[in-house]
Amino acid sequence: MRIDILTLFPGILRGFLDESIMRLAREKGIAEVHLWDIRDYSDDRHRKVDDRPYGGGPGMVMMPGPVFAAVEAVDAAAAPPARKLLLTPQGRVFSQPLARELAREPRLMLICGRYEGFDERIHTGLGADEVSIGDYVLAGGEVPAMAITEAVVRLLPGALGDPESAALESFEDGSLDYPQYTRPPVFRGMAVPDVLLCGDHARVRQWRAERARERTLARRPDLAAAAAAAAAQQPKP
Ligand code: ADE
């Protein structure tokens, strides 16, 4: 997969791309990631990319010219045309199902804003899907771009050491993770549940399923209700 990230602050993303899973995925050729500085597409002598809002009000708004020019240049740099995501708190909320959908694309383009927001013509004219990472406001789209990139890249074949780990974790089946333990068997008086030490795989599987269900109901009743509704939609055998 190829991912192009357009930002005013490419430096924010460099460390992220050079460490851990992102570095390995790039080295293994699983994901190719390119950073682009939107300021390079400003036609202004001072590389200006934002201006005051028409009608007044606080803050600055990102101008359409540099963003359109950057998106068009990046699209032309490779084939096929990218699926474009505009990072904004007004977008569809990112989720594991959307990560799975994006992981099937050959090419993604993530467009990060700063300041008070994008000129509305960027929202309407670019043909991008608007995506938010949650109901809170960040200073820009760079952290959302990192969150989305990592969630997508770790789903690509070969990106995780153990392919089972992506299938077994939180959200993949609409529930939260079961509790995990490793050595030592007792830590500061807190013991690992006996069932995990008994070697009976069927009992372990059942215990984990019960704990995951219990935890999902207690902490995320919304997920539990959605999973129950989805199950009710399935045709009866
Ligand atoms: N830009 C600022 N806040 C954001 C959010 N929550 N999601 C996506 N982009 C953003």
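Mentor: Helices (H or I, at least four residues) and strands (E, at least two) are DSSP runs, numbered from the N terminus. This is a predicted model, in which local features need pLDDT of at least 70 and side-chain atom pairs count only at pLDDT 80 or more, while totals for chains, interfaces and linings use all residues. Residues are numbered from 1 along each chain as its sequence is written, and side-chain values use heavy atoms, with hydrogens and water left out.

Trainee: Which element gives the largest share of the shell around the ligand?

Mentor: That is β5, with three residues. The surrounding residues, each with a heavy atom within 4 Å of the ligand, include L87, T88, P89, G134 and Y136.

Trainee: What makes the buried residues of α3 line one face of the helix?

Mentor: P66, V67, A70, V71, V74 and D75 are buried in α3, that is, under 20% relative accessible area, whereas exposed means over 50% and partly exposed lies in between (1.4 Å probe, protein chains only). Seen down the helix axis, these buried residues fall within an arc of 160° (taken from the directions from the axis to the C-beta atoms), so they line one face. On the other side of α3, E72 and A76 are exposed.
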